[in-house]
Amino acid sequence: MNLNSEYSLAQLSKLKIHFIGIGGAGMSGIARIMLAKGFVISGSDKNDSPMLTSLKALGANIHVGHNKENLGQAELVIISAAIMDSNPELIAAKAKSIPIVARATALAWLMSESTSVAVAGTHGKTTTTAMLTVALQSAGVDPSFAIGGTINTAGTNAHSGSGSIFVAEADESDGSFLAYKPSGAIITNVELDHVDHFANEAAVFAVFEQFISSIKTDGFLVACGDDAGVKQLLTQVKRSDLRIFLYGESSSNDFRIDRIKLDPTTSSAVISITGRKIGELNLAVVGKHNLLNALAAFATATAMGIPEDKLLNGLASFTGTRRRFELKGEVSGVKVIDDYGHHPTEIAVTLTAAKNLAQAGRVLVVFQPHRYSRTAVFAAEFAKALAAADFTYLLEVYAASEKPISGVSSLLIARGMKSEQVKFEPSMIQVVSEVAAMAKSGDVIITLGAGDVSSLGDPILQALANR
C-alpha cells in the first residue's frame, strides 16, 4: 500500500478513483464529497445497500460484489480498514501498481485546503461531530463534513460545503486519524478500547498524544477537563503554541455547564465561559453525556469566532443521528430504541438515559457484543453495565473481521449477571418473539451494539403490533 502519495484537490479531480468497500460509513462519506466536487468515482461493496443506491444516483459507478474487473481504468484506489489482503480488487490493483491509500489518507487530502476540525475521543465522536456541524450550519457557515453516522435532519453523513470549514470525525481505532493534521481538534474522553489494535491503555494514550502533536502550528484543542483520561493525556502535552480550551462541569473548566436538567426526552443546562453566563443550552436529545457533547461543539465553534447565540439556536435544533439512541417507533405504549453502544462506558450512559425515558416502566435490552477481543477483555464490565437494565437478551458475538477466540462468547457476560436478569439467546428470531411478548405498556426495548442487531428494531415493532 502506498501511504506516502500526496495529491492536491486539483490533482485528485483529474484521476479516476475506485473505492473498495464504498458502502461503509466513512468510505461513502468521502465518495459523496468527491462526487459533489465532480470527481470520477467508482466503487464496490460486498452487499447492496441504500447507501450504494444513493451513491449511484449521485453519479458513481457502483458494483455489488468484489471482482478484479471492477477496477476498470482506475488511477487511484481507496480502501477501508475492513478490506482483507485476499480481496481480488486489491490484489489486481497491486499487480497493476495503482496507488492504494487508506480511507483516512483520502479524507486528509479533502481536508487539507480547509480550516479543519477533527473530532476524536473514545466515545461520543459521531454525536459531537454532528452537533458541531448542525451548529455551524445554523450560523450560516455551510461547512463540509464527514461523519461516521447519518444526521437525522440532513439525512446524510457527508457534504461538500461552500464554506471554509471542514468538520470530520476522527476515529482512533487503528491510529489512522494521525493523517488528518487538523487546524483544531476535540477530544471527548480517553480510555482503553479497540483491543484488537491496542495492546493496553498506554498504547491508546500514546496514539492520542501523537494526535495532539499532529494539530497544525498555532492550532487549538478542545478537551473534556472532567475526564480522567483527558487529564492524564494533557500532562504529556508539551506544545506551547497550542490553544487549549477545557470543558465540563467542574469550575476549573473554561467552558462549563451547570443547573443540569435531564427530562425523559430532553435535556438542558446553563453555559458559562470562565464564569460569564452565556445562556441556556436546550437539547432535543437526552442524557448528561449529550450536554457535554454539545458543550464541546459550542466551545469549538466559539474558538473559531462563531457568535454564541447562533450556536445555541443551532444546538437546540439538533435531533440526533441514526443509531444513537434512535427512536425506531412505539406500539401499544412500548418504545423501541436502537443504539450503537458497544463499550461498557457507552452502555452505562445509554441505559441511564433509557431508565429516565422509561420512568416507571422497564428497560429491556437486546445486546450484541461487538468483536471477540472486546468481549474477552470487557466481559465483567459489560455484565456490570447491563445490570442497570431490567432484563437483557444476549445475542452471540458479532465477529466483524475477527476470527473466533476459543472460549469467548456472550456466555462470558451472562455468567457475570444474575440469572433472572439475563438470557443468552443466539437466535435473533427467537429474541424478537420473546422480547415483544415480555414488553408491557411503558417499557422501553433497546437494541444495543455495533453489529447487525440494529436490524431488529422494525421486526420487534411488527411483533408488538401482532400481539
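This short talk covers the salt bridges in this predicted model.

Some ground rules. The model is predicted, so local features need pLDDT of at least 70 and side-chain atom pairs count only at pLDDT 80 or more, while totals for chains, interfaces and linings use all residues. Residues are numbered from 1 along each chain as its sequence is written, and side-chain values use heavy atoms, with hydrogens and water left out.

The count, then. We have 13 salt bridges (a side-chain nitrogen of Lys or Arg within 4 Å of a carboxyl oxygen of Asp or Glu).

Pair one is Lys125 with Glu172, closest N and O atoms 3.3 Å apart. Lys125 sits in helix α6 (residues 125-138) and Glu172 in the loop between β9 (165-169) and β10 (184-187), so the bridge ties together parts 47 residues apart in sequence. Helices (H or I, at least four residues) and strands (E, at least two) are DSSP runs, numbered from the N terminus. Both Lys125 and Glu172 are buried. Buried means under 20% relative accessible area, exposed over 50%, partly exposed in between (1.4 Å probe, protein chains only).

Next, Lys288 and Glu249, at 3.0 Å, N to O. Lys288 is in helix α9 (residues 288-303); Glu249 is in the loop between β12 (243-248) and β13 (255-262), 39 residues apart. Lys288 is partly exposed at 36%. Glu249 is partly exposed too, at 29%.

Now Arg323 and Asp338: 2.6 Å between the closest N and O atoms. Arg323 lies in the loop between α10 (308-316) and β16 (326-331), and Asp338 in strand β17 (residues 334-339). Arg323 is buried at 14% relative accessibility. Asp338 is buried at 2%.

Last, the network. Salt bridges link Asp196, Arg371 and Glu402.
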